[in-house]
Amino acid sequence: MDTACSCFNGERMALDAIPCLPMDTLRARVLQAMQHGARVSQWFGLGLPDNKVRVFAVLAEPGQGQLSVLSGLADQSYRALTPECPQFQGFERELAEQWGVVPEGHPWLKPIRFQSGCAPGRTVWHDTAGQPPQIGVADFFSMGGDEIHEVAVGPVHAGIIEPGHFRFQCHGEIVFHLEIVLGYQHRGVERALRNGPDRRSIHLAETLAGDTTVGHALAYCQCVEALSGVNPPPRAQALRGVALELERLANHTGDLGALSGDVGFLPTASYCGRIRGDFLNMTALLCGNRFGRSLVRPGGVTLDLEVTRADDLRCRLAAALKDVTSAVELLWTTPSVLARFEDTGALTPDVATTLGLVGPAARACGLEQDVRYEFPAGIYCYAQIPPATWHGGDVFARAYVRWIEIQRSLAFIREQLDNLPEGPILESPRPLAASQAVVALVEGWRGEISHMAITDDNGRFAAYKITDPSFHNWRGLALAMRNQQISDFPLCNKSFNLSYCGHDL
Amino acid sequence: MFSILKARLKQGYRTFAYPDQEPTLPDRFQGRPVLEPSKCAGGCHACEEACPTAALARTGPDLKLDLGQCLFCGACANACPRQAVTFSRDYRLAARTRNDLVLGDRERQAGRRVDEASRRLFGRSLKLRQVSAGGCNACEADLNVLSTPVFDLGRFGIQFVASPRHADGVVITGPVTKNMELALRKTIDAVPTPRLVIAVGACAISGGIYRDHPEARNGADAVTPVDLFVPGCPPHPYTILHGLLALLGRVE
């Protein structure tokens, strides 16, 4: 594509090098790439002084290991891409909400986070005082007829879970459609990152989704490092990989336990709940904090892994491998568990591709999609982890993919510990270059984390845009629920285990 | 069946004997900060300048640190050339009042426990409803682990329940986003009185890293009076557990 700027994951480009096309041309180019199998990673606006909005598109091109970045100049509206390419539905609603650019012909244009526009008056939805509409107050899909009923759940759910509102259109026990309303966790992170970096920025990145602290911090650091021309030392790269895989281990183990709990199989539920804590404590061994706070910083990592600490970690990993194997293998041999997992909440590879699903949810449909493999950066350029795929796209597949990944992550960490490069762990920071852009992708435990940073004339963030994997995958959960019993919702939901705060930002 | 029993034997008994035994926290754990303003160099404000949440203030010879705003990130300790700010491994951080969270010029520590009447009501059985109101889900994650076998919250008579109608109190996490404020108020109102309100994490205490964001309030006490503040970002599960037990007068 000659009208796009191609770059590697975490490679900086001059803002001028990104072509700025008329919206119609941008639309045509993007759709053409999507037809050839690209996935949308980012689609967002940047306000220009003349009241126009520059719309950026980042497309992940499988097989090429490269990202295409292109942009268009939008006024008040443009022809929506969603009708041709449903991957855009959330992105286009976000663009309308943040910058007031209307995607004409969007089939279901409604607020996505119930937030204010990025600039005064620049949103499609606001009341007379310029305030966003009250959250949850919008149009919903509805059905009529005998035995049709609607179930509304949330924002406050029954457990210790983040808030979100779910509406089920049911015929008897069967769900015809699930509509999900989010935005309750919206706390203005992207707005606060603008004009950075400052002393708060890394903390905002670490708390984008607390359970993905390392993943998001890593994406942020890759952006800052590319923009400032800093190369983290090899030892730091390896330690970052260890921390990222520990995060995956903790969350995947916790998810398998929670899935087990949701089908009433308590042994694995209780063992995995505890083993998850063991993995979190390994992260705490590394940096003092169970979630990996204050470990990853621009330029490297803050704390080293001395020989005795590495030995301690190795011992703990060996013990955890034994425990997690004994706990998880019960799932695959217990008929009452398999009966609930198999054929529940199934998605076809077609649906997964159409929606642009990422992470274990996509790999459970057989899609070989993994940032560590497709767009490697840092340690993953040298130590590959093959994508863990399964088939069937059901709860079982999503659980089984996690189990394969647990084993591969454990092997990866042990390999890293045996081959830790010597040397420093932190490069000193430098100021950011002006008028540059960078896209950083990280395979978090939920899937592709995408950050894009654009600097202004002074080397400050003119835009900092975040796409959490959950932003792609919430729609997958909604479709997985079609024709399922409503009582299977907790199980399906847990099999995706998506982030509300990562979506709401 | 045999494999299930075999796994049960393998997994063993894992509940830690807290509070009879003190937990061993990792050597790099950052607990209660220790301030030694006598070590400060005149005119140095390095710690203040490094702090992401303005939790630290140096005025004249005094050094104050608000645990309710602190992220326990250690940026201040790293910035200080004279070790005037260091972090201990003391995980016992919870306090009954907002003022008790401010470390500094004078040592003050009003007791942590509730009054006798509340203790009689809740001391042996406390049901809590948790509401996540913004934030990043890390506090929620470490509240959830309290119900795993290691901590086994149930043995203290404390339990998280699904309905606010069944609850004796509310645990709030997050800075209270504007989008969650109404739902939070309704949940609190649905809990019968007398009830306890517990704010867990820097966000719920002060807004944390989101302090003064127009999209959020600056913590739970903007919405309701709070009976217990548990600092941290997120607090360690033992910090939360200790706070709960201290509130009920079951540990010091």
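**View 1. A sheet of three strands in chain A.** This open sheet runs in the order β9-β10-β11 (chain A), with antiparallel pairing (strands are DSSP runs of E, at least two residues, and helices runs of H or I, at least four, numbered from the N terminus; two strands pair if DSSP finds at least two bridges between them). β9 (148–153) and β11 (174–181) of chain A sit at the edges with a single partner strand each, so one side of each has no neighbour in the sheet. From one strand to the next, the twist averages 20 degrees. The model is predicted: local features need pLDDT of at least 70 and side-chain atom pairs pLDDT 80 or more, while totals for chains, interfaces and linings use all residues. Residues count from 1 along each chain as its sequence is written, with chains lettered from A and ligands numbered from 1 in the order written.

**View 2. Zooming in on β10(A) and β11(A).** Strand β10 (residues 165–171) of chain A pairs with β11(A) in the antiparallel sense over 7 bridges. F168(A) has L178(A) in β11(A) as its bridge partner.

**View 3. Helices α14(A) and α15(A) crossing.** The axes of α14 (residues 469–480) and α15 (residues 489–496) of chain A come within 10 Å and cross at roughly 155 degrees (axes are lines fitted to C-alpha atoms, for helices over the stretch in contact, with angles from 0 to 180 degrees between N-to-C directions). The two helices α14(A) and α15(A) are therefore roughly antiparallel (angles over 145 degrees). On the α14(A) side, N473(A), G476(A), L477(A) and A480(A) meet C492(A), N493(A) and F496(A) of α15(A) (contact: C-beta atoms, placed from the backbone, within 7 Å).

Notes:
Parallel < 35°, antiparallel > 145°, perpendicular 65-115°, else oblique. Contact = placed C-beta atoms within 7 Å.
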